[in-house]
Amino acid sequence: MAQPIVSPAATRRSDFSPLLREIKAAGLLERRTAAYVMAIGINVALMGLTWAGIAVIGASWWVLLLALPLGVLTTRAAFFGHDAGHQQIASSRKLHDWIGMLHGNLLLGMSYAWWNDKHNRHHANPNHTDKDPDVGEGVLVWTLEQAAGRKGLEGWLSRNQARIFFPLLTLEGFNLKVSSIRFLLARRRTEKVELGLMAAHLVLYFTALFLIMSPGQAVVFALVHHMIFGLHLGSVFAPNHKGMEMPDDDSNWGHLEKQVLTSRNVNGGLVTDWMMGGLNYQIEHHLFPSMPRANLRFAQPMVREYCERIGMPYVSTTLIESYRLGLRHMHEVGSELRAAS
C-alpha cells in the first residue's frame, strides 16, 4: 500500500524537544488574534453579501449560482471553527468555545462539541484503526482487515470505494448535520446551548430559503449548497493521511513519529493555503495543533530540516499526487474483494 519507507533512524523514539524549543524561540506559537479578527470579519461579511445577493435574485433558478460561493464561504467558517477547537485564536478557552459554537452550530448547523470529540481523538492517534475515528470501519474501509468478508452493498462500496470517493464527499455536508444532531440529542442535558444554536441555524436557514424561493428552488439550493460544502471540506481533509503509515498497538512511537509518519503535506502557495485553510501543512499542524494557521508555512521549513537531520521521512507532494496516493491506497484495500467477486 502507499506508505513511506521508514528508515531505521526513524523507528526510534526521536526527541521532539529540540524542535519544540526552536519553534517557540521563533515565536510561531504566539497567537495572532488581530489577523483572525480581520479574517473572520471578512468571511462573515462575504457570507452576508452572498445572502443579500440571494435575496435580490429571489425566485429565479439563477440563484443556484450563489450556492458555489456560499459553499466555499461555509467551508471557511468550518476552518475557523476547527482553529477555535485547537485554541489557535485567543487566550481564553471560553472565548474559543463561543467562536467554535457560533461558527459550527449557528453558521453551519454542525456541533462544535461533536467535532472536537471526534477530531481530538484523531489528533491523539492519527491513522490508528482502533483509536482514530477517521479511519474506523464505516461506509469506507482503510485496511484489508476491515474489508475482509464484506458482502452486499457494503462489499460493493469497498470494492469500488476509490472510484466513488469524491462523489461520496458530496454527501458529507449532510452527514455532518445528521451526526451532530444524533450527538447532541444523546447529550441534551449537557449540550442545551449547542442544541439551541443548531435549532436556530436550521430555522433561520430554511425559513430564509423558503421565503426567498419557491419550495422546489429552496430544496435544490440547499442540496447544491451542502454538496459543494461537503466536497470542498472533504477534499481538504482527504489528502492528509490516507495512504500513509498506519500504526498499531505495538508501534512504540513518540509524538514526532506518530504525527510525522502518518501525515502528508500538500505543496502550494498562498492560494492553496487559503483554499485548504492551512491544513495543507498537515505535518506542522499535527505537531503543533495550537499554532495559528498563518504561522504554519513559516514552521514548515524548520520542521522539514529537523526531520532530514534526524533521518525522519517527511512527505510533501502536489495536491493531485496526494489524491492519487490516497485513492491508490483505497483501491488496494478493496483488491481481495474484487478478486473474489
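Modeller: Start with the axes: each is a line fitted to C-alpha atoms, for helices over the stretch in contact, and angles run from 0 to 180 degrees between N-to-C directions. Two packed helices are described by the angle between their axes and the distance between the axes. Helices themselves (H or I, at least four residues) are DSSP runs, as are strands (E, at least two), numbered from the N terminus. This is a predicted model, in which local features need pLDDT of at least 70, side-chain atom pairs count only at pLDDT 80 or more, and totals for chains, interfaces and linings use all residues. Residues are numbered from 1 along each chain as its sequence is written, and side-chain values use heavy atoms, with hydrogens and water left out.

Biologist: At what angle do α3 and α10 pack, and how far apart are their axes?

Modeller: The angle between α3 and α10 is about 45°, and their axes are 8 Å apart. That makes α3 oblique to α10; angles under 35 degrees count as roughly parallel, over 145 as roughly antiparallel, 65 to 115 as roughly perpendicular and the rest as oblique.

Biologist: Is the crossing of α3 and α10 left-handed or right-handed?

Modeller: A crossing is left-handed if the near helix is turned anticlockwise from the far one by less than a right angle, and right-handed if clockwise. For α3 and α10 the crossing is right-handed.

Biologist: Which residues of α3 and α10 meet?

Modeller: Contact means heavy atoms within 4.5 Å. On the α3 side the contact includes Leu68, Leu70, Val72 and Phe79, and on the α10 side it includes Phe221, Ile228, Phe229 and Leu233. By class, the contact of α3 with α10 has 12 nonpolar, five polar and no charged residues. Here Ala, Val, Leu, Ile, Met, Phe, Trp, Tyr, Cys and Pro count as nonpolar, Asp, Glu, Lys and Arg as charged, and the others, Gly among them, as polar.

Biologist: How do α9 and α10 pack?

Modeller: Helix α9 (residues 192–212) and helix α10 (residues 215–237) make an angle of about 135°, and their axes are 8 Å apart. That makes α9 oblique to α10. The crossing of α9 with α10 is right-handed. From α9, Tyr205, Phe206, Leu209 and Phe210 take part, and they meet α10 residues including Pro215, Phe221 and His225. The contact of α9 with α10 divides into nine nonpolar, two polar and no charged residues.

Biologist: Now the empty space. How is it found?

Modeller: Rolling a probe the size of a water molecule over the atoms shows where empty space is left. On a 1 Å grid over the protein atoms alone, a cavity is a set of points where a 1.4 Å probe fits but cannot get out, and a pocket is an open set with protein on both sides within 12 Å along at least five of seven lines; lining residues have an atom within 4 Å of a point. Grid points are joined across faces, edges and corners, and a volume is the space filled by probe spheres set on the points.

Biologist: What is the volume of the largest pocket, and which element gives the most to its lining?

Modeller: The volume of the largest pocket is about 990 Å³. Its lining has 30 residues, and Lys118, Asp134, Trp142, Glu172 and Asn175 are the closest to its centre. With six residues, α5 gives the most to this lining. The lining of the largest pocket has 15 nonpolar, 10 polar and five charged residues.

Biologist: And what lines the second largest pocket?

Modeller: The second largest pocket has a volume of about 540 Å³. Of its 21 lining residues, Ala39, Arg76, Trp274, Arg293 and Ala294 lie nearest its centre. The largest share, seven residues, comes from α2. This lining divides into 13 nonpolar, three polar and five charged residues.

Biologist: How many cavities of 30 Å³ or more are there?

Modeller: The count comes to two. The largest cavity has a volume of about 100 Å³, and Ala78, Gly81, His82, Met110 and Trp115 lie nearest its centre among 14 lining residues. Its lining has eight nonpolar, six polar and no charged residues. The second largest cavity has a volume of about 60 Å³, and α15 (319–333) supplies the largest share of its lining, five residues.
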